[in-house]
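Me: Hi! Could you walk me through this one?
Reply: Happy to, here it is.
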Amino acid sequence: MFFVPIQRMKNGYNYNGIPTRPRALDRFRKEKEMKCVICKSSDIQKKMIEEEIKSGMDIILVSVEVLVCMNCGERYYDRKTMRKIEDIRSRLKQKDLEVEEVGKVLRAI
Ligand SMILES: [Zn+2]
């Protein structure tokens, strides 16, 4: 038999430091499992980035929040972000997207 610290169990964690409530357990598992598929680093952080969508000779910048591997720079998009990008792509096709000019696209000759 081994001693189970009552205090930790009351705080929502079992004696192995694992959350006992279902939602906290889900979050705990996700954080533990999140590893970069490219370099296996677990240093992954949420960042606001500007995704580039090409349309003919134009480039449209779209601000999205993604998970970025701090080690190799690989980006991870969640379903919501993918939907946002797809939505902007289709609105762009239908010319139903409000945009402003922020620069020029130049080519070296
Ligand atoms: Zn990586």
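Me: Over how many bridges do β1 and β2 pair, and in which sense?
Reply: β1 and β2 (residues 58–69) pair over 12 bridges in the antiparallel sense. Strands here are DSSP runs of E with at least two residues, helices are runs of H or I with at least four, and both are numbered from the N terminus. Two strands pair if DSSP finds at least two bridges between them. A caveat: this is a predicted model, where local features need pLDDT of at least 70 and side-chain atom pairs count only at pLDDT 80 or more, while totals for chains, interfaces and linings use all residues. Residues are numbered from 1 along each chain as its sequence is written.
Me: Thanks! Which residue is the bridge partner of Ile44 in β2?
Reply: That's Cys69.
Me: And in what order do the 3 strands of the sheet come?
Reply: The order is β1-β2-β3, in an open sheet with antiparallel pairing. β1 and β3 (75–76) are the edge strands, each pairing on one side only.
Me: What follows α3?
Reply: Lys95 does, with a positive phi near 55°, although Lys95 is not a glycine. Lys95 counts as exposed, with 6 C-beta neighbours inside 10 Å.
Me: What about Lys40, buried or exposed?
Reply: Lys40 is exposed, with 10 other C-beta atoms within 10 Å. Its phi is positive too, near 70°, and Lys40 sits in the loop between α2 (22–33) and β1 (44–55).

Key:
Buried ≥ 20, exposed ≤ 12 C-beta atoms within 10 Å, placed from the backbone.
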